[in-house]
Structure formats: C-alpha cells, structure tokens
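Take a moment with the sequence and the 3D view. Then follow the tour below, from the whole chain down to single side chains.

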Amino acid sequence: MASRAIQSLLASRHEWSRPHRIVVRVGAAAAWLAAAFYLAAAALTGDETWILESIGPVLAAGLMTVQILVGKEDGGLALFGSAVIVVIWSSAFGEHGTTVPAAVSLVLICSLGMLFVRRHRAMLALTLTVALGAVPFLWDLSSSEQVVLGAVMAVSFVMTHFILGSIQTASSALSQRYQMLFEQSPAAVLEEDWSEAIAYVRSEYSGKSSRIRQFLLAYPTVVRRAVSKAKIVRANDAALELLDIRSITRFLGYRDPSIVTEDNLEDFVSALVNLYEGGKTWEREVSVTRRDGDLRWLLYRSVDTSTDTPATTIVSGLADITHMKLHHEAMAQVMKTKDEFIASVSHELRTPLTAVIGLTSELAESQGLSEEMRAEMLALVAAQAAEMSNIVDDLLVAARAEVGTIAVETQSVDLMRELESTLDGLGMTVDLPQEPPPPVLADPRRVRQILRNLLTNAQRYGGPDRRVTSGTLRDAAWIEVRDNGDGVPEEEANRIFEPYVTSGGRGSVGLGLAVARQLAELMGGSLQYERSAAETVFRLQLPLAGARQPVLASQNDKP
C-alpha cells in the first residue's frame, strides 16, 4: 500500500492528476469516517462533546467533497486546508487532552502537503516551521507548555519533512531516469492498465481455466468489451509518431473496442488468456489503420510490471512489422506461383513428350508401315520436339532474366522473312500485311521467339480470325498480331507480361508474353497489348536498321 502511494506521488506529467485524486478521495473518506465515529459516540453516550469533536472532520471532509464534486481535486489544497481547519477547530473547541492528537495531525498533514509543492519549497517549509511553532500559542495551554509543544511541532515537522523529502528525492531520481528512458526511447513504448479488463473476463467466465481460450474465441463480444476496459496510461513520442497520433490527451484512456477484428481476434484472446493465467510476458500482432488510411502491422511485446494488483502496469514495446508481413505474403505468393508454374510446365511438357514417346515406340515396333506413314509420324515427332524446345527456350530466357544474363546480338533483320519462317514452323495460316516493313535492328533468333509466342498465344486463346499488320513510326517499325477473340479480362490486362502469370486459369506456363517483352526491350524496342475494335492486339516495335549500329547487348547493359 505504501509503495503504491509513493508510486502515485511520483507519477509522470501525463498522470499527475492521479495522486491528487487519490489523496483527496482517501482523505474525504477518512474524514467522513472520523466524523461518523464522533457522531456515533455522541448518540451512544449522550455526551454533546463528541458532537463538537466531529466539527473538524466534517469541515475537512466537506472541503474535499466539494473538490470531488466540481472536478478540481488538488491534494495540496486539501491537506493545507485541512491543517487550517484543525488549527481553527482546536483553538475554538479543543481541550487539553486533544492538543497532542491535533499537534501530531498538523505535523503529518503539513509534511504530506509538502510532497505536492513544486515551487518555492524552501520558503514554504520555513513558513510552515514558524507557523507550527506558533500554533500552540493559540491553544489553551500554559506558557511553558506552549513553548515546548511549539518547539516539538516545529522540530518534528522539519525532521518529517526532511525524511519524506529525502525519500521523494531519491525515488524521484529513479523515477525520472525511468521517465527519461520511457519518453525519450527511440523505440515505441506504451504503458497500459488491463486490470479492469481481466476483472470483467473473470466476471463473465467461471468455468475451468483450461477452457478460457475456447470461451473467448466463441464469444468475440466478450473480448471486445474486455478490450474496451483496458486503458492506455501513457505513451512516448516514438509511439505517437508510429501510430500517427496528434492529440495525446485523446489517445490516452480506454481503448476503442473496434480495434478487435476477425483478423486479430486470436492475438487479443492470447493476451487476455495470458493475463488471466497470471503470465508476465507475451506478444501479439495487431493491424492498425492510421489517419492517412495506411495499414500497419505492429508487433506488441508486453511485460506485466505490476507490484500489487496484476495487470495494472503493463509496458509494451511496439515494432512496425508491416514490411515483414508484406514480404512474407509476397514470398507465399511466389511459392504458390512457382508451384503452379512447375505443375504447368510438367503438363505442357508431358503432352508433347507423351506424343514423342508414343510415336517413336510405334515407329520402332511397327513393321508394316509405309514410307508415307513413317514420314508423317516423323514430322509429328519433329513438331512435338520443336514444341518442347520452344518451352525450354522460354524457360532459359526466364532463368537468365532472373540473374541478368540475357544476351542478344543485333543485326539487320527482315521482319517478313522471320514471320514467314515462324509461321512455317508452327503450321499456321494468317493474313499477312500487303506491304512488308523495312528492315529492323534486332536478333533474328529472338525475333522469331517473340513472334512464335505471340502467334501461339493467338492460336491457343484468340478467335478464329487471325491477321498480322505492320507499319513504320519515326525511327521504328512495328508488327501487330491481331485476333477477334475475347481478349484478356480488364482486371488482368496489367499483369499479362509478368512472369508465371496466366489469364483465366488457362494452365499455360505463363512465360511467353513476359519473355517476349523482355527480349523486345533488350533489343531497344517494346511490346504492348491493347483491345481495339473488338480485336486483341499485340504490337511489337523495333528500331529501324539505319537508326542504330549493330551491337551485342545483354541485360547487364540496360540502365
């Protein structure tokens, strides 16, 4: 109890009203209790002297009660006011037998009152010493008794004030060091009081302690009400900055229950269960939306430093783990995408590989095949092998892109010739442009790889009408692959050039378009997608052969 009172008197500037409130309310209760005792004694004994004895406590209690009612609780005013009342009452109604209790009360009241004095302490202490030494001269005592009692009261006050002041100074030094560490710490720190929250949980649950977690998870309303009874006592500047708090007075106090959501319910339940079971340390993750709408994930590491009532002083360190959360989510998405990619690669390679194995087995085991049938089967084997080679080419480009080692050797390239060569390899027929574009500066092998991916994409996912158009623009030539299919959903249009991304769950590897754009940009060109006149359009644009000199470029050369 004594340690609790000292802690209250050493409160920080954010909670200085608490010791005033404690002193005033405890003093009022004690004064009313003393007055009730005197009145009860008067009623039982019929002695009116007891009624006079009750006047002093009633006046002191009235002074402090008025402070409570008007919300202006001042511990120093209450104590020094009570001292004045004791002096006046003792002078007017005191008897010889009540002088010693009155003297002791005055010394203690004045000594305690000095704990609330912040300025001019020495001057006030000297004034009170002189005043206490002079008070007995107002009482009905002999001259010698007045001198002795006055001297005893003055010396007692000086000694008591010195002892309490020394304790306060020593404790204040430790408290100030804690305050400095708390308030000036670069880490975000909060001090909270969860005692009312735990008391509420205990009032709502009376079952086995081993099932408290299941109870709280089953009744989120209880969790929210419990959190609404948890108080934030103080916060340092780092915490206010992290949480984007402008007004600390509005921030301090009872918590908003809306911070408990479905996503963080288990974290708050874990905290309540830990406190319910008497745990001293725990941690939880909480999502917080700042005033600017920015969502932050915070890691709370808490320790219960309470000395008397559990959960009254909980110190929590806050760390921003938003970047870790985002990183983990990104890694989880990457792992999911990679798994899907491996499944897609396995699927796409399995189809031509199965065909190759089946056809070659048929060729090896069948004796009566005609030359025409053998040639047709060998052509199918070659086509399926080429399909596997194309998939492997895309995989190699994607792998080299991750380590920055894609290389192209540019030279003058005839786009129409490369287009026709690609179409022959795919066995496709499309409408070609009437006028061929001029030569461009590119790597012919990489151009064929880009065109193959664009034409294969149109063949697999586009409409039945496919055509190729071309033209020039300033110092570049372009070629477009068009089809009348449904195109890419609008919400996916911005992601079709990302590696391992497929549209509509089509089950492809998801590398073709990403590889095509990487190669186009490495050769100084571009690859764009748009939806125009009910057609899906992929435009490949490359620099004209006369605009630049042939070079050997790699991904490391890009700015």
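The chain holds 18 helices and 14 strands. Here helices (H or I, at least four residues) and strands (E, at least two) are DSSP runs, numbered from the N terminus. This is a predicted model: local features need pLDDT of at least 70, side-chain atom pairs count only at pLDDT 80 or more, and totals for chains, interfaces and linings use all residues. Residues are numbered from 1 along each chain as its sequence is written, and side-chain values use heavy atoms, with hydrogens and water left out.

How much of the chain is buried? Of its 559 residues, 43% count as buried. Buried means under 20% relative accessible area, exposed over 50%, and partly exposed in between (1.4 Å probe, protein chains only). Contacts tell a second story. A contact means heavy atoms within 4.5 Å. Among contacts between residues at least 6 apart in sequence, 66% join residues at least 24 apart.

Now find helix α13, residues 265-276. Its twelve residues reach 16 Å from the first C-alpha to the last, close to the 16 Å expected at 1.5 Å a residue. The expected span is 1.5 Å times one less than the number of residues. Nine of the twelve residues are buried, including Leu265, Phe268 and Tyr276. What covers them includes helices α8, α9 and α10 and strands β4, β5 and β6. After α13 comes Gly278, with a positive phi near 85°.

Next, look at the loop between β4 and β5, where Arg290 sits. Arg290 is buried, with a relative accessible area of 16%. Its contacts include Leu242 and Asp244. The C-alpha atoms of Arg290 and Leu242 are separated by 9.0 Å, though the two are 48 residues apart along the chain.

Finally, the rings. Rings of Phe, Tyr and Trp (its six-membered ring) pair if their centres lie within 6.5 Å; planes under 30 degrees apart count as stacked, over 60 as edge-to-face and the rest as tilted. The whole structure has four aromatic pairs. One of them joins Tyr205 and Phe215; this pair is tilted, 4.9 Å centre to centre with 35° between the planes. Tyr205 lies in the loop between α8 and α9 and Phe215 in helix α9, so the pair ties together parts ten residues apart in sequence. Tyr205 is buried, at 11% relative accessible area. Phe215 is buried too, at 16%. Phe497 and Phe538 form an edge-to-face pair, 6.3 Å centre to centre with 80° between the planes. They are 41 residues apart, and both are buried.

How values were computed
Lists of a residue's contacts leave out its neighbours within four places in sequence.
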